[in-house]
Amino acid sequence: MEKTQLRRQLASIRQSLFDQGFLDEQFVQLEELQDDANPNFVEEIVTLYYRDSSRLILNIEQALQKSPLDFNKLDALMHQFKGSSSSIGAKKVKAECTQLREYCKAGSGEGCLRTFQQLKKEYTTLKKKLEAYFQLARQAGPTESACRPK
């Protein structure tokens with residue numbers, strides 16, 4: 001596939017990530033930090049996010065298995081996870097973190113468990129989509145500067 005066609009496909013995939021609500025403006029801000037000196041900056045940041053957040057998810061799962069639930073500890077873990085998700089523009093993941101924190105404040109263990117399952121689903125879906133996006137980006141080669149989603 002020629003580079004121009006790859007770049008068009010890449011732009012389309014990127015736009016769909018915004019249109020479907022997976023990413024927000026923070027992702028664009030990350031892209032704006034990428035330059036010729038560090039052409040894989042965004043991919044590196046996202047890779048770090050997934051590496052670090054897998055540990056957080058494990059800690060959250062362990063906290064959810066405790067009886068009785070320590071809602072303060074769970075809320076603190078969710079606060080951290082929400083912050084790291086927000087830093088890469090993971091919009092749907094961040095929204096699930098916010099919802100789970102609300103259930104912590106309400107003391108709803110069932111709500112926390114249900115929301116955590118949805119959070120993991122959004123997290124995994126975004127990871128697969130971004131992996132495909134970055135794989136195509138490597139094939140397409142360097143592009144011009146980032147542009148705002150429509």
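This is a predicted model: local features need pLDDT of at least 70, side-chain atom pairs count only at pLDDT 80 or more; totals for chains, interfaces and linings use all residues.
Read along the sequence, the pattern is α-α-α-α-α-α. The C-alpha atoms fill a box of roughly 55 × 25 × 25 Å along the principal axes. The chain has 150 residues, of which 37% count as buried. Among contacts between residues at least 6 apart, 70% join residues at least 24 apart.

Two helix pairs were examined. Two packed helices are described by the angle between their axes and the distance between the axes. Helix 2 spans residues 25-33, and helix 3 spans residues 41-65. These two helices pack at an angle of about 130°, and their axes lie 8 Å apart. That angle makes helix 2 oblique to helix 3. From helix 2, the contact draws on Phe 27, Leu 30, Glu 31 and Leu 33. From helix 3, the partners are Phe 41, Val 42, Ile 45 and Val 46. By class, the contact of helix 2 with helix 3 has 7 nonpolar residues, no polar residues and 1 charged residue.

The loop between helix 2 and helix 3 contains Gln 34. This residue counts as partly exposed, at 32% relative accessibility. Leaving aside residues up to four places away in sequence, Gln 34 touches Pro 39, Asn 40, Phe 41 and Val 42. Phe 41 and Val 42 also belong to the helix 3 side of the contact with helix 2.

Helix 3 also holds Glu 43. Glu 43 is buried, with a relative accessible area of 19%; the cut-off for buried is under 20%. Beyond its neighbours within four places in sequence, Glu 43 is in contact with Phe 134 and Arg 138.

The next loop, between helix 3 and helix 4, is the place of Pro 68. A cis peptide bond joins Ser 67 to Pro 68. Its omega is about 0°.

The second pair is formed by helix 4 (residues 71-88) and helix 5 (residues 91-106). Their packing angle is about 165°, with the axes 9 Å apart. Helix 4 is therefore roughly antiparallel to helix 5. The crossing of these two helices is left-handed. On the helix 4 side, the contact is made by Phe 71, Leu 74, Asp 75, Met 78, His 79, Phe 81, Lys 82, Ser 85 and Ser 86. On the helix 5 side, Val 93, Lys 94, Cys 97, Thr 98, Leu 100, Arg 101, Tyr 103 and Cys 104 take part. The contact of helix 4 with helix 5 comprises 9 nonpolar, 4 polar and 4 charged residues.

Asp 75 lies in helix 4. Asp 75 is buried, with a relative accessible area of 16%. Residues up to four places away in sequence aside, Asp 75 touches Arg 101 and Cys 104. Both of these partners are listed on the helix 5 side of the contact.

Ser 85 is likewise placed in helix 4. Its relative accessible area is 0%, so Ser 85 is buried. Apart from neighbours within four places in sequence, Ser 85 is in contact with Tyr 49, Ala 90, Val 93 and Lys 94. The C-alpha atom of Ser 85 is separated by 18 Å from that of Tyr 133, which is 48 residues apart along the chain.

The cysteines were examined last. A disulfide is a covalent bond between the sulfur atoms of two cysteines. The structure holds 0 disulfides. The cut-off for a disulfide is a pair of cysteine sulfur atoms within 2.5 Å. For Cys 97, the closest cysteine sulfur is in Cys 104, 10 Å away, too far for a bond. Cys 97 is buried, with a relative accessible area of 0%. For Cys 104, the closest cysteine sulfur is in Cys 112, at 3.8 Å. That distance is also too far for a bond. Cys 104 counts as buried, at 6% relative accessibility.

Conventions: Residues are numbered from 1 along each chain as its sequence is written. Side-chain values use heavy atoms; hydrogens and water are left out. Axes are lines fitted to C-alpha atoms, for helices over the stretch in contact, and angles run from 0 to 180 degrees between N-to-C directions. Helices (H or I, at least four residues) and strands (E, at least two) are DSSP runs, numbered from the N terminus. Angles under 35 degrees count as roughly parallel, over 145 as roughly antiparallel, 65 to 115 as roughly perpendicular and the rest as oblique. A crossing is left-handed if the near helix is turned anticlockwise from the far one by less than a right angle, and right-handed if clockwise. Contact means heavy atoms within 4.5 Å. Ala, Val, Leu, Ile, Met, Phe, Trp, Tyr, Cys and Pro count as nonpolar, Asp, Glu, Lys and Arg as charged, and the others, Gly among them, as polar. Buried means under 20% relative accessible area, exposed over 50%, partly exposed in between (1.4 Å probe, protein chains only).
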